[in-house]
Amino acid sequence: MTKIILLLLFLVAAIQVIKPLGWPGLKKRSDAWKLVAGVVCVTFVSVIVSALFQGP
């Protein structure tokens with residue numbers, strides 16, 4: 001499930017580069033880094049959470 005979410009977020013970042021979405025904070029093409037930074041944060045959180053719930 002997390003891979004699907006990450007893929008969707010990367011697609012939104014790619015769309016931002018092609019045509020800006022116009023969302024607050026995402027008015028320019030160069031704002032795609034904000035989406036990529038969010039994807040990286042979501043990835044780290046999902047790795048940490050999955051590591052916490054794994055057995056020894």
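Leu 26 lies in the loop between α1 (2–18) and α2. Leu 26 is buried, at a relative accessible area of 8%; buried means under 20%, exposed over 50% and partly exposed in between, with a 1.4 Å probe and protein chains only. Beyond its neighbours within four places in sequence, Leu 26 contacts Gln 16, Pro 20, Leu 21, Asp 31, Lys 34 and Leu 35 (contact: heavy atoms within 4.5 Å).

The model is predicted: local features need pLDDT of at least 70, side-chain atom pairs count only at pLDDT 80 or more, and totals for chains, interfaces and linings use all residues. Residues are numbered from 1 along each chain as its sequence is written, and side-chain values use heavy atoms, leaving out hydrogens and water.

The protein has two helices and zero strands. These are DSSP runs numbered from the N terminus, helices being H or I of at least four residues and strands E of at least two. The C-alpha atoms fill a box of roughly 45 × 15 × 15 Å along the principal axes. Buried residues make up 14% of the 56 residues. Among contacts between residues at least 6 apart in sequence, 23% join residues at least 24 apart.

Helix α2 spans residues 32–52 and gives the most to the nonpolar patch, with seven residues. Val 45 is placed in helix α2. The patch covers about 920 Å², and its members include Phe 10, Val 45 and Phe 53. Patch residues have over 30% relative accessible area and no salt bridge; like charges are joined within 9 Å, and nonpolar side chains (Val, Leu, Ile, Met, Phe, Trp, Tyr) within 5 Å. A salt bridge places a side-chain nitrogen of Lys or Arg within 4 Å of a carboxyl oxygen of Asp or Glu. Accessible areas come from the Shrake-Rupley method with a 1.4 Å probe; for residues, only the protein chains shown count as cover.
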